[in-house]
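Subject: Handover of a structure

Dear colleague,

Please find below the structure that I am handing over to you. My findings follow it, and I would ask you to read them with the structure open.

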Amino acid sequence: FSVDLDGFEKAMEQQRERAKASHKFVLAEKGGATKLGITATTFTGYRKLSQKTNLAGILVDKNSVGSIKEGQEASLILEDTPFYGEMGGQVGDTGEIRSTKGRFAVTNTVHLTPDIIVHQGRVTEGSFSAGDKVTAEVDKERRRDIARNHTATHLLQAALRQIVGEHVQQRGSLVAPERFRFD
C-alpha cells in the first residue's frame, strides 16, 4: 500500500478552509460585536439545558435591530445560554427561546466571535425586543444523540490507537445527532 500524504494534507487543509468559510458569521459593520455592547456569552450548557436569561442583541441580515416579529428570520444573542455553538466539528444545538411575548425556533447555534454565541432561527409566534427576559431551551434528545456520537469519536480513536498504533491522530471530525465522521 502507498499513501499520498502530501495530497491528503492538502485536501484536508482545503476541507478545513471550506468548513470555516461555511460557518463564519460576519457583522455588516466593522467591530459589530463591540458596537452591540456585547463582550461574551456565558455558556451554561454543560450543567443545564434550560436557562432563564436576557436577550442581549438581535441581528437581522447581519445588522443590529431593536425588535423582530412573527415570521422573521434572525439571530439572537443571549447573555447566558445552554446552547452549544458549532465548534470543532460538532454541530450546534437547536431548540426554542421563549418570552412572555413570543417563541423563537432555534435552527442552528454558531459563534459570532470565540466568546459570543448566536442562535439562528425564526420567530414562530409573537415578537421579541432587545432586553427581553427569555427562557432558552435546548432540544434534549438531539443533544443526547450528539453527545453519544461525540463519545463514539473518542472511543474510535482509542481503539485505533490500541490496534493500529499510538501514531494514529484525529485530524478532524463531524459530530451530528444522526452520525459522526472521524478523519
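Predicted model: local features only at pLDDT ≥ 70, side-chain atom pairs only at ≥ 80, totals over all residues.

**Aromatic pairs**

There are three aromatic pairs in total. One of them joins Phe43 and Tyr84, whose ring centres are 6.0 Å apart with 75° between the planes, an edge-to-face arrangement. Phe43 belongs to strand 1, while Tyr84 sits in the loop between strand 6 (80-81) and strand 7 (95-98), so this pair ties together parts that are 41 residues apart in sequence. Phe43 counts as partly exposed because its relative accessibility is 21%, whereas Tyr84, at 14%, counts as buried.

Phe104 and Phe128 make an edge-to-face pair because their planes stand at 85°, with the ring centres 6.3 Å apart. Since Phe104 lies in strand 8 (residues 102-113) and Phe128 in strand 9 (residues 116-129), the pair ties together parts that are 24 residues apart in sequence. Both Phe104 and Phe128 are buried.

**Nonpolar cores**

In soluble globular proteins, nonpolar side chains tend to be buried together. Here the largest nonpolar core has 16 residues. Leu55, Ile58, Ile68, Leu76, Ile97, Phe104 and Phe128 have the most contacts inside this core. Two or more residues come from each of strand 2 (50-60), strand 5 (73-78), strand 8, strand 9 and strand 10. Another core, of seven residues, lies apart from the largest one and includes Ile38, Leu59, Val110 and Ile116.

Leaving aside residues up to four places away in sequence, Leu76 touches several residues, among them Leu55, Gly57, Ile68, Ile97, Phe104 and His119.

**Helix 3**

Helix 3 (residues 140-163) contains 24 residues and spans 35 Å from its first C-alpha to its last, close to the 34 Å expected. Just after the helix, Gly165 takes a positive phi of about 145°.

Which residues of helix 3 are buried? They are Arg143, Ile146, Asn149, Ala152, Thr153 and Gln157. An α-helix has 3.6 residues a turn, so residues three or four places apart point the same way. The buried residues of helix 3 pack against strand 1 (42-43), strand 10 (133-138), strand 11 (173-175) and strand 12 (180-182).

A colleague

Methods
Residues numbered from 1 in each chain as written. Heavy atoms only, no water. Helix = DSSP H or I, 4+ residues; strand = E, 2+ residues; numbered from the N terminus. Expected span 1.5 Å × (residues − 1). Buried < 20%, exposed > 50% of the residue type's maximum accessible area, 1.4 Å probe, protein only. Contact = heavy atoms within 4.5 Å. Phe/Tyr/Trp six-rings, centres within 6.5 Å; stacked < 30°, edge-to-face > 60°. Core = buried A, V, L, I, M, F, W, Y, C linked by side-chain atoms within 4.5 Å.
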